[in-house]
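Here are a few exercises to work through with the structure open beside you. Try each task before you read its solution.

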Amino acid sequence: MQSKNFFLLHRTGGYPLDNFHGYLFKKLRKKTEQVYTPHFPGINNQNFETWNKVMLGYEDFISQRTIFITHSISSSFIYKFLAVNRIKVNGIISVAGYLDPGNIGQEWHHLYQSIWPSDEQLTWCINNVLNRYQVYSNNDKYFPIKSLENFTKQTKSEGILIKNKGHFISDSKDKDYSLPEVIDILNSFTRLTLQLYLFPCQF
């Protein structure tokens, strides 16, 4: 049986290993070399077309054994990307995913509107992505909890609330920002599903 591979997708203006991604990268690389960290165009060139082009460069590595771990806008993006390109994967773990403007000012809306998936695209992913989770917090300054809960409902994901984590952005002094709850989710795959041929032991 083949083991899973992983993609870590960053937020708007982010970098491949910022925030909790550095922690997850280290944890996952202890078990497999197949951990991919795409770097998407920043604010000046953020739209579905540019991000889609980046991900298509990894298409040969994406399969039904792939798990995406996404942050913020990349949580919306991955649903649209998979549906548009008709790519089936094993799982999506979204962190602070959203499908509405939340508390973001009107001047930023152009960054997100082309990335949000349609209802039809969401339905396609619901039918073709086996495991779907949304990790969110009660004090996200960008998105009220209702927006985060709506994402959970619209994607028919299992919601996991972690209190007082904000938008899951690390303080500049916190070089080892951790998110062990994501590792717990991955370990639950091994306990609860036969489809996840991850590793013979937990992380």
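Two strands pair if DSSP finds at least two bridges between them; helices (H or I, at least four residues) and strands (E, at least two) are DSSP runs, numbered from the N terminus. You're looking at a predicted model, where local features need pLDDT of at least 70, side-chain atom pairs count only at pLDDT 80 or more, and totals for chains, interfaces and linings use all residues. Residues are numbered from 1 along each chain as its sequence is written, and side-chain values use heavy atoms, with hydrogens and water left out.

**Exercise 1.** Find what stands opposite Q134 in strand 6.

*Solution.* Start with the sheet: it is open, has 6 strands in the order 2-1-3-4-5-6, and its pairing is parallel. Strand 2 (35-36) and strand 6 (158-161) are the edge strands, each pairing on one side only. Next, strand 5 and strand 6 pair in the parallel sense over 4 bridges. Finally, Q134 faces G159 in strand 6.

**Exercise 2.** Work out whether S137 is buried or exposed, and which side chains its own side chain meets in polar contacts.

*Solution.* First, locate S137 in the loop between strand 5 (129-136) and helix 5 (145-154). S137 counts as buried because its relative accessibility is 1%; buried means under 20% relative accessible area, exposed over 50%, partly exposed in between (1.4 Å probe, protein chains only). Then check polar contacts, meaning pairs of N or O atoms within 3.5 Å; within protein, one must be able to donate a hydrogen and the other to accept it, and residues adjacent in sequence count only if both atoms are side-chain atoms. The S137 side chain makes one with the side chain of N138 (3.3 Å) and one with that of N139 (3.1 Å).
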